[in-house]
Every structure is written in C-alpha cells, then in structure tokens.
Amino acid sequence: MNFSEYKRRLNAEPRSQDPELLAARNHDARYAEAAAEAAAFEHKLEQALAVPHDSDAFLATLRDAMEQDRKPGKARWLALAASLSMAVGLSVLLYWNHASYRSINHYVQEHYAHDGPELLARAATLTGPMAAKQTNEILASFGVSANPALSDRVRFIKFCPSVHGRGAHMVLSTTEGLVTVMYMPKTSISKPMLFEVDGQRAEVVSLELGAAAIVGASEQAGQELEAVLREALVAAAASDSVDT
Amino acid sequence: MSNKSGVTARFEALALTHNTALYRYALWLCGNDALAKDLVQETFLRAWKAFHRLQDKRAAKSWLITILRREYARTFERKVPPFTDLEGLELEEPSELTPEARAERDLLRRSIAALQPRYREPLLLQVVMGLSCDEIALQLGIGKNAVMTQLHRARAQLKEKLQRDGITGNIHELF
C-alpha cells in the first residue's frame, strides 16, 4: 500500500485493526508517524463530539413517559392523536423553523400548532396530576421550583424549545378545564401580551424568572393561573428560603 | 422477576447503554439541544412500543439509530433548521484542558457543525455511535466506498480547518 493510500485509509478508519494497515505501520517509520498523528486527531475529535448529557435525568423522564404510555386510556389517546395527526403533521413543518421566530407571538403560534392540541388530548386521558417528581425535575433544571399549588395542576409537562433556549410545555388543570402553558425561562418581556392562538385567548405574562404563555384560558382563569405561576416559578433558592 | 418487569428492565438497560451516544448523535445532527432531547425521547418511546419485535439484541444500536434517523427525517423532511444552537450549549470543560486545547476543541466543534451533512453524518455514526463502515453504509443506503470517501473528506476538511485557523494560526480570533 503506498503512503497516499495509507493516509486515505487512516482518514477513513483511524481506529481500524486491519492487518494490512497495522503491518504498514510497523514496517515504516513514516507510516507509524502518520498513524500516531491520526490517533491524536481522533482523540481530539472524540473529545469535541462528547458534549455533556445528563443521562440520569433523561432516563427518569423516559421512565415517566413510558409509565404514561402504559396507563389505561392509551388507546383513547391514540385515537385522539390519530384524529389530530393531520393538523400536527402540517404544523410541524412550520414549527421547526424555531431559529427564526420573529416574535414571542410567532413562537407561541407555531409551538401551539406543532403539538398543543396533541398534548392537550394526551393530558385529557390522564386521571390525575403528573408525578410531582417529574415536574420538579424539569422545573429545577431551569433554576425554579414548583410548589404544590402548581404541581397539583400539572397534567402534563415536557421540555420543549422556546424563544431563547430550552423551555417547558405544560398542560395545567383549571376550574374551566385544561390550559396550555409554555414556560420560557430565559425570555423577559416589558409588558403583558394578549393575542389569539388557534381561535383561543393567549396571553404572555412576565415572571420572576422568564415569562409564560397561557393559551386557552378565559380572562378569569388566566388571571388565576398567572397568580399560581408567579407564586410558583421563582428562583429555587428564594423558594427554599421561604419554605424554611 | 415477572416477565413484564423483566422486559422493562431489559429495555431500561438498553436505554442506559445507548442514551448518551444517541443524544450526542442527535445533537450534532440537528444542532439544537432541546430538539435533540425530544428526538431521543421519541426514539426510545417508539422503541419501547416495538421492543417485542427486537429479536437480536446485538442489532439494538443499529435499530435505535434507524428509528432516530426516521424520526428526524419525518420531522425535518422539508425544512431543516439552521444549525445554530451549539454556541449556546453549556459544554463540559474538562479541567485538564489548557486554554489552547479548549480553544482548539471549540474550533473543532464549530468546524464539525459547519461540515456538510453528507460528511458530518457518517462521521457521527462512526465516532459517536461506533459503527463500522459497513454498518454506516447500511444505515445510509450507500456503498462502503462512498462511506470511506465521505469519512476521508470529513476528516481532511476538519484537519485543514484546524491547521489554517488553529493554534498555529488565528487563535486570537476565538477570544
């Protein structure tokens, strides 16, 4: 194998244990040097690609999601989801253009169109609040803690993209029924916003940490939820000190 | 242990083994942390529903990759979002790295993100997922020679970028 071919093979398979490559490396110092350089580069490449990942948190979230799937009502949820699939399928194409949200209004519109109805349908099949542990874990990742007044209302929660980085998509129960809340922990607004989403009232309110869009609540239920969110979504340390 | 809990335990072991690599693969594929987490969760939920169909556990990794790629393709079929989010990630900073090594790693990350998808994806499948060239060829539906060419070009571009802009070059542009 000539040197040029050898280097090409190294670039394609630097970890290869092909006897032909090993023999070439052991036969000639120039080949051995190229192999050492390739191994060093590969180490850098592996380090660069090894972005951090919280495996424990992921597995906890996955277990909860699997548990939700096992509960009675799954068939009903699937039926509802199927009926919504066409709308979701169309909206997903718009939704993923997240990097170019023109405004918070635009984000809320597209996010709700993406999976708002589907998650409402899923939450509607559940008989009680989501496990407080999962709610707390997700909210804690944003540096906020949920009090029981909030976690008792959470029928569904998941991570989701927001205008600025990661956020949470929640379905909360109110006296009027289920309401969608999109929590944007890194978004700040100077004044409340009010608009329509899919024919429903939507408002974006400012919180101690970030902002939240409340979709599908009447003015009264919206005010009720806003108070709950303001009370609950505060910096974890501040919340702890109140508790103690 | 009941059969049901045994199946759950086997699936959880599978998730434990592969979730980090799949997350990294998804992240470098779509370039967005939250979307990558969603993709991986959806992958495992779909895998869980079809777990009874997985006969050969040695095929599990390829099976999961197939599900994730299908999910990614379904989602991004017509509109691929710009690869923009890596800059915002809080990436681990091993303490043993010198400032120069960190700068070089960051440059390498930006260069990987800038690779064309046809070069980046085989590289991810090889380095992150640990697939052989034959397995990558199967996943991507192309020949082994084409895979090797793409891998060679991917690394050649990254090395060229490092040599041009790396620690012997424009390192100060990084700060």
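Buried here means under 20% relative accessible area, exposed means over 50%, and partly exposed sits in between (1.4 Å probe, protein chains only). By that rule His111(A), at 0% relative accessibility, counts as buried. This is a predicted model, where local features need pLDDT of at least 70, side-chain atom pairs count only at pLDDT 80 or more, and totals for chains, interfaces and linings use all residues. Residues are numbered from 1 along each chain as its sequence is written, chains are lettered from A and ligands numbered from 1 in the order in which they are written, and side-chain values use heavy atoms, with hydrogens and water left out.

**Around His111(A)**

- His111(A) is part of helix H6 (residues 104–124) of chain A; helices (H or I, at least four residues) and strands (E, at least two) are DSSP runs, numbered from the N terminus.
- Its side chain makes a polar contact with the side chain of Tyr107(A) at 2.8 Å, and another with the side chain of His169(A) at 3.0 Å.
- A polar contact is a pair of N or O atoms within 3.5 Å; within protein, one must be able to donate a hydrogen and the other to accept it, and residues adjacent in sequence count only if both atoms are side-chain atoms.

**Nonpolar cores**

- A nonpolar core is a set of buried Ala, Val, Leu, Ile, Met, Phe, Trp, Tyr and Cys residues joined through side-chain atoms within 4.5 Å.
- The largest one has 61 residues, and those with the most contacts inside it are Leu62(A), Phe11(B), Tyr25(B), Phe44(B) and Met129(B).
- Helix H1 (residues 3–30) of chain B is the top contributor to this core, with twelve residues.
- Leaving aside residues up to four places away in sequence, Phe11(B) touches Leu62(A) and Met66(A), plus Phe44(B), Ala47(B), Trp48(B) and Phe51(B); contact means heavy atoms within 4.5 Å.
- There's also a second, separate core of 47 residues, which includes Leu120(A), Val205(A), Leu207(A) and Ala211(A).

**Where chain B meets chain A**

- On the chain B side 55 residues are in contact, against 39 residues of chain A.
- About 4700 Å² is buried between the two chains, with carbon and sulfur atoms giving 65% of that; buried area is the accessible area (1.4 Å probe) that two parts lose on being put together, summed over both.
- The rule finds 16 residue pairs in polar contact across this interface, both residues at pLDDT 80 or more.
- H1(B) gives the most to the side of chain B that touches chain A, again with twelve residues.
- That side of chain B splits into 29 nonpolar, ten polar and 16 charged residues; Ala, Val, Leu, Ile, Met, Phe, Trp, Tyr, Cys and Pro count as nonpolar, Asp, Glu, Lys and Arg as charged, and the others, Gly among them, as polar.

**Salt bridges**

- A salt bridge is a side-chain nitrogen of Lys or Arg within 4 Å of a carboxyl oxygen of Asp or Glu, and the structure holds 19 of them over all chains.
- Four salt bridges run between chain B and chain A, one of them pairing Arg155(B) with Glu42(A) (2.7 Å, N to O).
- Arg230(A) and Glu226(A) pair up at 2.5 Å, N to O; being four residues apart in helix H9 (residues 219–232) of chain A, they are separated by about one helical turn.
- Arg230(A) is partly exposed at 40% relative accessibility, whereas Glu226(A) is buried at 15%.
- In chain B, Arg58(B) and Asp56(B) meet at 3.1 Å, N to O; Arg58(B) is exposed at 75% relative accessibility, while Asp56(B) is partly exposed at 32%.
- Salt bridges that share partners link Arg9(A), Glu13(A) and Asp18(A) into one network.
- Within it, the closest N and O atoms of Glu13(A) and Arg9(A) are 3.7 Å apart, and both residues are buried.
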